[in-house]
Amino acid sequence: MQDYSSELIFRLKDLHINFDKYKFYPRDENFNSAIYDSDRKLIFSTLESQNVDFNSEVYTTDSKIHFVEQPESYYLGAKYVVLEIKDDLLWFENLKKEIALFILIAFAFMVFFGYFLLKLFLKPMRDALHLLDRFIKDTTHELNTPVSAVITNVEMIDIESLDEKLARKIKRIDTGAKTISNIYEDLTYLTLNNKIISQDENINLSKIVRQRVDYFKTLADVKKIEIRTSIKEDIFIFCDNKKISKLIDNLLSNAIKYNKVKGQIKVSLQENSLIIEDSGKGMSQTQVEQLFERYTRFDKSVGGFGIGLNIVSMIAKEYNLKINVQSQEKIGTKMEVTWQK
């Protein structure tokens, strides 16, 4: 409408100068118009609307848009020039499209700029994590050989033939080595999880459970924990031997770590379930809900990184095993792993 107004004012100026030549008011098929003097009295009008709002520059009435402008010079005595066009709402549709386009461009710019800043700010953290990941991989690799050598050599010693004082020392070495070995295996599993190819087969779970209970007996003896077993013979399960052993190891390790001195652990293996129950500190319902989250530790005094049960949940998810946790504070925790036959 600004362009229409400029065009009308130019034609009014032409008429003002050449009034004797033309003597007719300029009209246009695109708009109606009117001119008013300084007292807002009508000089000439082709408007359909009767009332003009001189206090507004642009306004709408009766599906028409009005534009009020004051020319620099009073051509034909006109102080005010008023234009009127039909409001087909096309301008509103165009406005919505322009706003939508502006929002889209602004959003894309913000996403790009945010991504750039985020990448820039996170670079030190990413470098630190990469360094930590490399450190863990190198450390775990270097730990494997000496820890395995310690455990193997301790197992070759006939403890029963030693005097009691020396036997206790050997057992402490065995306990420490197995603890380090378990942590090593957890870290290896997490760092190499995506690269481990499962070798699933039909394995005798009864034998594996007995082996793992014997393996952790030394650790249980340190806290004078009694492990009671009820293992049904020849229970088979189709999965990877190392992974199911890792699952059992972490459940047994936790049952020992969070148990009390002279406590008990019950290990029960039936046709479709493995139950490991301890007489330890137990947990609240809130703690149970967070139990399988990585780096979650409810008692920092017992050590560990809070990754064992996270590994348990990963293995259980891979083999569609269900884990039911029942726990009562100061009474103990019961972990039940079930599967379909």
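Modeller: Arginine 212 lies over the face of tyrosine 215, 4.5 Å from the ring centre. The ring of tyrosine 215 also has the charged end of lysine 178 over it, at 4.6 Å from its centre. A charge sits over a ring when NZ of Lys or CZ of Arg is within 6 Å of the ring centre and within 35 degrees of the ring normal. This is a predicted model, in which local features need pLDDT of at least 70 and side-chain atom pairs count only at pLDDT 80 or more, while totals for chains, interfaces and linings use all residues. Residues are numbered from 1 along each chain as its sequence is written, and side-chain values use heavy atoms, with hydrogens and water left out.

Next, the salt bridges. Arginine 210 meets glutamate 233 in a salt bridge, 2.5 Å from N to O (a side-chain nitrogen of Lys or Arg within 4 Å of a carboxyl oxygen of Asp or Glu). Arginine 210 belongs to helix α4 (residues 205-222) and glutamate 233 to the loop between β7 (226-231) and β8 (236-240), so this pair ties together parts that are 23 residues apart in sequence. Helices (H or I, at least four residues) and strands (E, at least two) are DSSP runs, numbered from the N terminus. Arginine 210 has a relative accessible area of 30% and is partly exposed; buried means under 20%, exposed over 50%, and partly exposed in between, with a 1.4 Å probe and protein chains only.

Aspartate 186 and lysine 246 form another salt bridge, with their closest N and O atoms 2.9 Å apart. Since aspartate 186 lies in helix α3 (residues 164-192) and lysine 246 in helix α5 (residues 241-257), the pair ties together parts that are 60 residues apart in sequence. Aspartate 186 is buried at 6% relative accessibility, and lysine 246 is buried at 5%.

Lysine 96 and glutamate 93 also meet in a salt bridge, at 3.6 Å from N to O. These two residues lie in helix α2, 3 residues apart, about one turn of the helix. Lysine 96 is partly exposed at 41% relative accessible area, as is glutamate 93 at 36%. A salt-bridge network links Glu7, Arg11 and Asp28. Over the whole structure, the search finds 15 salt bridges.

Phenylalanine 109 and phenylalanine 113 have ring centres 5.8 Å apart and planes at 5°, so they are stacked. Rings of Phe, Tyr and Trp (its six-membered ring) pair if their centres lie within 6.5 Å; planes under 30 degrees apart are stacked, over 60 edge-to-face, and the rest tilted. Both phenylalanine 109 and phenylalanine 113 lie in helix α2 (residues 90-155), 4 residues apart, about one turn of the helix. Phenylalanine 109 is exposed at 53% relative accessibility, whereas phenylalanine 113 is partly exposed at 42%. Tyr36, Phe54 and Tyr80 form one aromatic cluster.

Two backbone positions remain. Leucine 76 is not a glycine, yet has a positive phi of about 60°. Leucine 76 is in the loop between β4 (64-69) and β5 (80-86), and is partly exposed at 24% relative accessibility. Lysine 262, also not a glycine, has a positive phi of about 65°. Lysine 262 lies in the loop between α5 and β9 (264-270) and is exposed, with a relative accessible area of 61%.
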